[in-house]
Structure formats: structure tokens, C-alpha cells
Amino acid sequence: MIYLSLIESWYDPNAYSRAAAVGMWQFMAGTAKGVGLRVDWWLDERRDPVRSTDAAVAFLNELRDGFGSMYLAAAAYNGGPGRVSRGLTANRVSLEGTEGDDLFFALADTKALRAETRDYVPKLIAAALVGKEPGKYGLDVRKVLPFTWDSVLVPVATPLVAVAKASGVRLDTLLDYNPQILRGMTPPTGRALYLRVPSGSAEGFGQAFASLDAAERAAIKTVVTKEGDFVTKIAKANGLTAQQLNWYNPQATRLKNGNLHAGQRILVPRADVVR
């Protein structure tokens with residue numbers, strides 16, 4: 001089942017489908033939340049290769065337990081558990097006596113599944129055969145080391161730029177280790193968050209982070225709107241575009257004339273956070 005992620009996304013944690021499925025395992029938002037992943041404006045754990053893999057394992061185990069077959073579980077992963085259940089119910093007479101993985105192929109013959117789902121399990125089997133014996137199929141595979149990491153605990157509203165500096169790693173490396181961070185900073189509310197850094201980079205992080213200036217450790221400042229304020233005005237005053245400021249204030253409310261309601265707390269990010 002490791003190869004399910006191969007055919008879903010080619011193991012790309014940033015994969016995004018036309019149907020808005022995201023990550024290596026191509027979770028839809030509702031399914032992801034149902035298996036315990038956080039998906040919101042600031043953080044999308046569907047992009048987290050570790051958290052999403054744990055969630056996929058749990059989801060596939062649940063489907064296997066429900067349908068009694070890993071092949072049916074894979075079909076349900078692709079086409080939805082409801083479609084598989086309806087197909088089994090509608091064809092229970094013709095499928096009587098068929099069990100286990102054979103049940104998938106028998107169900108596929110009834111046309112109860114979409115063509116994509118009928119092809120999905122054979123594609124998965126083919127990927128596993130090639131992946132396990134690449135030389136047999138004329139492929140030269142370059143092995144890579146396992147993904148290992150250390151973790152550092154950082155407060156809310158912390159810029160990744162500051163985490164990179166305190167841990168002594170390149171910013172693009174930190175982003176590669178934490179693709180679930182969507183806005184260049186840890187979420188502005190909630191609890192402290194663990195971020196991944198390359199193995200060996202966590203040593204001395206706490207002291208190095210604490211030694212940074214307070215302004216360097218803060219990703220945003222807060223502006224309380226006054227009557228007559230509008231997004232472009234606040235953005236321009238802080239060296240941002242209106243679009244950039246909107247990225248960090250999805251819940252901002254406006255009057256009919258486009259001005260912001262007075263008394264709102266508007267988050268103004270640093271320019272390096274936006275970048």
C-alpha cells in the first residue's frame with residue numbers, strides 16, 4: 001500500500017488536484033479532518049509527509065476492516081466508501097460466495113465502480129511489482145536515505161525566517177521539512193507548535209531563538225481598524241499590497257462601500273513572512 005501514494009501523487013507533499021485533493025495521499029479536506037489532520041487557513045497537515053502518512057494508514061486500516069479486503073479498501077480510498085458499499089449491496093446475489101480480494105475483481109466486473117476505480121487497483125498492483133523489482137523492468141533506481149529529523153517547539157505567530165536562523169538551516173530547507181506551514185509563520189492562535197529541522201539542528205535552538213530580538217521573533221503586528229480604514233490603506237502604510245494583507249486576514253469584514261468595519265484586529269505580517 002506504500003505505492004498507493006506513488007500513483008496518487010508521485011510522493012509529492014505539495015500535489016494539488018483539480019478536485020482540491022492535497023498532498024502525498026491526496027486527501028480531501030473533509031476526509032482529512034475526519035482522520036485527525038488539521039486543515040485550515042494557516043496549516044494544512046495533508047502536506048505533512050509524516051502526519052498524512054499516519055492518517056492514510058489509519059484510514060486504509062478502517063476501510064480494510066470495514067470491507068474485509070485491502071483491494072476493496074484501495075477502491076474505496078479512490079472512489080469513496082459509499083460507492084463501494086452500494087455496489088456490494090446492489091450485487092450481493094451475483095457476488096455471493098466470493099470473498100477477500102477476489103471480491104474487488106468480481107465487483108469491478110459488474111460495472112458498479114467508475115472506470116477510474118476499476119483501473120486503480122490493477123495500477124496499484126503494477127506499481128508495487130515494478131517498485132519491488134525495478135531491475136526486472138529495466139529501471140535503474142537511485143536509493144535515498146530515510147527521512148529523519150529533529151523537532152523544535154516554537155510559539156504561535158513565529159516567522160519561519162526566525163526558526164531557520166536560530167536552528168542554523170536554510171529557509172528553503174526548513175520549508176521542505178515543513179510543507180504544512182502555509183503562510184510563512186506558525187498559526188497566530190492556539191498552542192505552541194513543533195516544527196521539523198534536519199537531524200542535529202535542534203541542539204542549542206532554544207537559547208539561540210531566545211537571543212533573537214523580540215521583533216525578529218514576531219511574524220505579525222496587530223492594527224485595530226478605525227472608521228474610514230480600508231485594506232489598501234493599511235497595506236500601503238506597511239509596505240504590502242492589498243492582496244498580501246488579505247492573505248493574512250480571511251475573516252476581515254467590510255461595509256458596503258468596501259471600508260473595513262471599525263474595531264477589527266487586522267494582522268499585518270512582516271515582508272519576509274509574506275515572501
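Two residues are in contact when heavy atoms of each lie within 4.5 Å. In this predicted model, residues 24 or more positions apart account for 62% of the contacts with a separation of 6 or more.

The chain has 14 helices and four strands. Its C-alpha atoms fill a box of roughly 70 × 50 × 30 Å, taken along the principal axes. The radius of gyration is 24 Å. A compact globule of 275 residues would have a value near 19 Å. Of the 275 residues, 40% count as buried. The accessible surface comes to about 15400 Å². Carbon and sulfur atoms hold 53% of that surface. The chain carries 33 positive and 27 negative charges.

The largest nonpolar core has 34 residues. Leu4, Phe27, Leu72, Tyr77, Val84 and Leu88 have the most contacts inside this core. Six helices each supply at least two of its residues: α1 (2–9), α3 (49–67), α4 (70–79), α5 (81–90), α6 (102–109) and α7 (115–132). Residues up to four places away in sequence aside, Leu4 touches Trp25, Leu60, Ala74, Tyr77, Tyr120 and Leu124.

Asn91 is found in the loop between α5 and α6. Is Asn91 buried or exposed? Asn91 counts as buried because its relative accessibility is 18%, and the cut-off for buried is under 20%. Not counting residues up to four places away in sequence, Asn91 touches Leu107, Thr110 and Ala112.

Arg265 is found in strand β4, which covers residues 265–269. Arg265 has a relative accessible area of 61%, so this residue is exposed; the cut-off for exposed is over 50%. Arg265 still has contacts beyond its neighbours within four places in sequence: Thr222, Val223, Val224 and Asn249. Leu174 is 91 residues from Arg265 in sequence. In space, the two residues are 29 Å apart, C-alpha to C-alpha.

Terms used
Residues are numbered from 1 along each chain as its sequence is written. This is a predicted model: local features need pLDDT of at least 70, side-chain atom pairs count only at pLDDT 80 or more; totals for chains, interfaces and linings use all residues. Side-chain values use heavy atoms; hydrogens and water are left out. The radius of gyration is taken over C-alpha atoms; the globule rule is 2.2 Å times the number of residues to the power 0.38. Buried means under 20% relative accessible area, exposed over 50%, partly exposed in between (1.4 Å probe, protein chains only). Accessible areas come from the Shrake-Rupley method with a 1.4 Å probe; for residues, only the protein chains shown count as cover. Lys and Arg count as positive and Asp and Glu as negative; His and the chain ends are not counted. The place of a charge is taken as NZ of Lys, CZ of Arg, CG of Asp or CD of Glu. A nonpolar core is a set of buried Ala, Val, Leu, Ile, Met, Phe, Trp, Tyr and Cys residues joined through side-chain atoms within 4.5 Å.
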